[in-house]
Amino acid sequence: MSSHSDNNEEFHYHAPGLQHQFEDMKQQEESVSIGMWMFLVQEIMFFGGLFTAYLVFRSRYPMAFAAGSNHLNAFWGGLNTLVLIVSSLTMALTVYYAQKGNRNMQVILIVLTMFFGSVFLGVKAIEYTDKYNHGLVPVSGWNKRIKEEAGDHHEAAKPCWDVDHNAPVVEHPNPHGEFQWTDCSLVKLAQDHNYLTDAERVGYFNQGTGQIDANKFRDKVRIFYFIYFVMTGLHALHMIIGLGIMTWLLILAWKNTFSADYYMPVEMSGLYWHFVDIVWIFLFPLLYLLGRHFLH
Amino acid sequence: MSDNHEQHEHMNIPKYLAIFGILVVGTIATYFAATIDLDWIFPGANTLLALGIAFTKTACVMLFFMHVYWSPKLIWLSALASFFWLAIMFSYTMQDYFTRSLGVFSS
Amino acid sequence: MQNVDAIGSGISEQPKLNYLTNGFTLKSWLLTKDHKRIAIMYLITVSLFFMAGGIYASVIRLELLTPASDLVQTATYNKVFTQHGILMIFFFLIPSIPAVLGNFLLPIMIGAKDLALPRINLLSLYIYWIGGALTIYALMQGGVDTGWTFYTPYSTTFSNTYVMAVGLGIFINGFSSILTGLNFIVTVHTMRAPGMTWFRLPLFVWAQYATSLVMILGTPVIAITVLLLAIERTVKVGIFDPSIGGDPILFQHMFWFYSHPAVYIMVLPGMGVVSELISNFSRKKIFGYEFIAFSSIAIAVFGFLVWGHHMFVSGQSIYAGLVFSFLTMVVAVPSAIKMFNWAATLYKGSISFDTPMLYGLGFMGLFLIGGLTGLFLGAIGLTVHLTDTYFVVAHFHYVMVGGQVIAYLGGIHYWWPKMTGKMYSEFWGKISAMLVFVGFNLTFGPQFILGYLGMPRRYASYPEELQVLNIFSTAGASVLGVGMLMPVIYLLHSLVWGKPAGDNPWMLPGLEWRTSSPPPTENFEKMPVVTWEAYEFGEESGLDLEGARNRVRPSTVA
């Protein structure tokens with residue numbers, strides 16, 4: 001309904017999309033904008049809780065976090081970051097063209113945004129599969145089960161800090177799909193340079209022998225992977241929701257709904273999309289790039 | 001007629017591409033800076049640098065892609081307040097963990 | 001009884017349609033965008049949750065009549081107090097005043113047609129229903145026994161109850177809270193009528209705004225905490241499990257980061273109601289308007305800095321404890337400022353002891369005791385002795401029941417004629433207010449002493465020498481229960497048999513009293529232009545309040 005007569009018997013023309021509780025479009029735009037930003041504020045606090053947990057555990061067990069982080073593929077993570085940044089650009093341009101009322105460019109750019117968003121999710125799927133294959137999912141039973149072969153010879157158990165990083169990667173048997181971690185060389189490095197925190201001095205070592213306890217260290221690395229999966233998983237969920245929003249926007253844009261008079265839905269969807277991008281901008285260095293400088 | 005109309009005319013395609021360029025450079029920079037050991041400056045320098053780059057990129061996205069630069073003060077306040085509240089949550093939680101071993105109760 | 005002459009000429013007839021008569025189908029209610037209808041639906045749901053929580057409370061008090069754990073087994077008792085806490089806190093106290101009174105009155109008080117985002121408001125209601133239904137279902141399946149605080153590692157690892165389902169219900173419910181807060185903030189910023197500047201807003205609106213800030217900033221953190229709890233419970237590995245290097249204290253930090261500001265979500269709207277009650281029933285402009293307005297914001301902000309005072313004995317650093325203790329003292333200051341301002345408003349006011357005013361005055365006294373005992377608990381030396389005793393229980397019931405619930409009842413009574421167009425029986429109103437006051441003090445007063453003597457909370461059994469005080473407490477609870485059931489009866493009675501209230505039964509200048517009772521769907525026949533200050537009782541209000549008051553006085557009609 002774009003016009004009506006009120007008690008004063010005057011006709012009012014309403015811009016398309018104006019809702020009944022607002023006097024004019026400006027009030028609606030202002031309201032919707034503040035409302036969206038309030039939603040983003042609460043989303044920031046939502047992710048913030050996870051960042052707090054990350055902060056607490058990273059400050060306690062920095063070497064476990066560094067070790068876990070080194071096993072993440074920073075190349076894929078960096079690529080994903082670039083993919084999201086490109087999608088942010090296409091999203092911003094969508095808003096630009098929506099305001100200009102250019103239907104064709106809007107549609108192309110929304111499709112591109114969705115494409116890059118899907119690429120991001122695809123890369124995430126590759127990463128998660130890789131974790132599954134290597135026994136890095138922190139839940140017991142949720143990793144790939146690798147049967148013990150009859151011919152498997154259990155070599156004499158080497159201490160977990162004595163790892164040859166240049167040797168080819170061997171697949172260890174994992175009959176129950178457990179979380180596996182055998183490399184605690186970073187702990188040795190930190191111990192030699194006196195880097196360990198108080199919590200680490202207790203947390204990684206067998207109190208009796210004073211040696212690094214591989215299982216205890218594995219448990220701390222598992223915390224890293226728990227946080228990794230929850231944070232990136234929640235982020236991916238927000239991406240999926242973002243793709244849903246983009247689909248809705250695509251339908252509206254296809255019908256040439258947006259123009260200089262009415263483009264707030266595009267702008268607000270853009271705010272959401274950029275927010276998801278910002279979360280990843282922080283997730284990438286904090287999860288993927290932690291301990292790289294220890295390797296050189 | 002919307003007022004925002006004039007605000008967004010501040011951004012055009014070359015400017016969007018420029019900000020995009022900054023973001024890409026930031027990503028590549030943070031990737032390679034992470035491989036250089038900066039612990040000789042002080043422990044945690046790597047993290048500080050990574051966070052600095054991340055905050056710069058965030059500022060670019062917020063100010064220019066999300067148009068905060070041209071938004072009313074309330075929007076600025078919301079964006080800044082949310083980071084301030086994060087800071088409250090982080091610092092107040094960590095003040096517990098960092099002070100557990102201090103003073104007369106240290107192990 | 002028409003009081004149109006108190007409003008001024010221009011509106012000469014009742015509108016044909018008010019929000020209640022504008023559509024009678026179920027669909028017109030369930031799919032409504034009218035904030036007033038949504039408020040009424042919240043009112044019904046919230047009252048049901050209150051009664052459910054009250055039933056659990058009765059079981060607690062009946063069990064505690066005798067020193068032994070005889071009425072219910074200890075395991076059942078754990079479920080009873082947990083469920084009492086969960087229902088009361090998450091499903092009654094947090095939504096009540098914002099979702100019922102705030103939803104109904106905020107747009108009217110600022111001169112708007114509706115909230116800024118009516119469909120979000122409806123979504124908020126649906127989410128509340130879904131979260132509530134899930135929680136009730138889980139409670140009926142067997143409930144939870146972890147305490148409403150869900151402390152780990154008991155809740156993650158050892159408890160074999162429905163922690164996840166209830167957690168999920170609370171998670172969903174949190175979004176209802178967030179959306180309501182979001183809506184209020186936007187509305188106050190963009191929907192004010194011409195002339196309604198920030199400092200002409202009623203203090204109830206300032207209080208709702210401050211509450212909404214807390215809702216937006218705090219609730220997401222409990223959401224993520226409960227989510228992590230649910231994940232950890234499902235996959236049995238996570239960050240709160242000490243056996244793998246996790247930290248149970250982290251759970252407490254994250255939990256209390258929200259749950260302390262949550263108590264301000266509960267009490268700030270109550271204080272907003274009390275500001276209205278005290279000023280209006282003293283017929284005097286509130287003393288220190290700006291101070292009260294800014295104190296609301298200050299409480300909202302400072303409330304985020306004190307959560308560690310729930311964790312003094314948890315193993316957190318003693319230095320962090322010092323910081324939290326100091327800030328706890330500081331956060332009491334804005335509340336005290338309000339208390340002084342209310343008292344100064346009463347001074348030389350023309351006080352009428354109508355039912356809402358009785359509740360308002362009750363709030364002042366009871367919140368004072370609750371707040372002061374909170375300071376006892378904030379002092380580290382004392383808290384070590386009083387933690388997890390009935391002293392804590394008494395303290396929070398004084399602020400939450402003696403504070404928030406009393407304010408809620410006062411607000412319901414005060415705005416009942418506006419919401420329904422009917423006047424309840426003043427006689428029964430006063431009786432039940434006094435029963436509530438006496439019953440409440442008899443219930444929770446002895447609990448301070450019990451706590452001081454060392455009776456632990458959450459225990460079904462206690463030493464025999466404490467029985468007398470517990471009997472007093474249970475006796476008080478029965479009086480309190482009667483006092484709280486009575487409004488249900490006489491308020492419902494008034495819907496059918498109550499006298500028509502008229503537009504301005506209390507003869508007050510507020511904007512909500514310048515439209516009909518019940519209001520039309522669009523709130524005002526003609527959108528108002530505000531030219532008067534808040535709490536303006538003189539001529540500047542544009543109303544002939546004294547003249548109208550001299551003609552008819554509602555409390556003289558029994």
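Mentor: The expected span of a helix is 1.5 Å times one less than its number of residues, where helices (H or I, at least four residues) and strands (E, at least two) are DSSP runs numbered from the N terminus. This is a predicted model, in which local features need pLDDT of at least 70 and side-chain atom pairs count only at pLDDT 80 or more, while totals for chains, interfaces and linings use all residues. Residues are numbered from 1 along each chain as its sequence is written, and chains are lettered from A and ligands numbered from 1 in the order in which they are written.

Trainee: What should the 14 residues of α11 (residues 289-302) of chain C span?

Mentor: At 1.5 Å a residue, α11(C) should span 20 Å, and its end C-alpha atoms are 20 Å apart, which agrees.

Trainee: At what angle do the axes of α3 (residues 35-63) and α5 (residues 96-110) of chain C cross?

Mentor: Axes are lines fitted to C-alpha atoms, for helices over the stretch in contact, and angles run from 0 to 180 degrees between N-to-C directions. Under 35 degrees counts as roughly parallel, over 145 as roughly antiparallel, 65 to 115 as roughly perpendicular and the rest as oblique. The axes of α3(C) and α5(C) come within 8 Å and cross at roughly 160°, and these two helices are therefore roughly antiparallel. Their crossing is left-handed (the near helix is turned anticlockwise from the far one by less than a right angle; clockwise would be right-handed). Residues in contact have C-beta atoms, placed from the backbone, within 7 Å; here α3(C) contributes H35(C), K36(C), I38(C), A39(C), Y42(C), L43(C) and V46(C), and α5(C) contributes S96(C), A99(C), V100(C), N103(C), F104(C) and P107(C).

Trainee: How is α1(A) placed against α8(A), roughly parallel or roughly antiparallel?

Mentor: The axes of α1(A) and α8(A) come within 10 Å and cross at roughly 15°, so α1(A) and α8(A) are roughly parallel, and the crossing is right-handed. Among the contact residues are E29(A), M36(A) and F47(A) of α1(A), together with M264(A), L271(A) and F275(A) of α8(A). By class (Ala, Val, Leu, Ile, Met, Phe, Trp, Tyr, Cys and Pro nonpolar; Asp, Glu, Lys and Arg charged; the others, Gly among them, polar), this contact has 11 nonpolar, no polar and 2 charged residues.

Trainee: How many residues of chain A are in contact with chain B?

Mentor: On chain A there are 39 residues in contact with 38 residues of chain B. α1 (25-60), α3 (74-100) and α8 (264-288) of chain A each supply at least two residues of that side of chain A, and α1(A) gives the most, with 15 residues. The side of chain A that touches chain B has 23 nonpolar, 11 polar and 5 charged residues.

Trainee: How many residues of chain C are in contact with chain B?

Mentor: There, 13 residues of chain C meet 12 residues of chain B. The elements giving two or more residues to that side of chain C are α10 (248-281) and α12 (318-346) of chain C, and the largest share, 4 residues, comes from α12(C). This side of chain C has 8 nonpolar, 5 polar and no charged residues.

Trainee: What does chain B itself contain?

Mentor: Chain B has 4 helices and 0 strands, and 32% of its 107 residues count as buried.

Conventions:
Contact = placed C-beta atoms within 7 Å. Buried ≥ 20, exposed ≤ 12 C-beta atoms within 10 Å, placed from the backbone.
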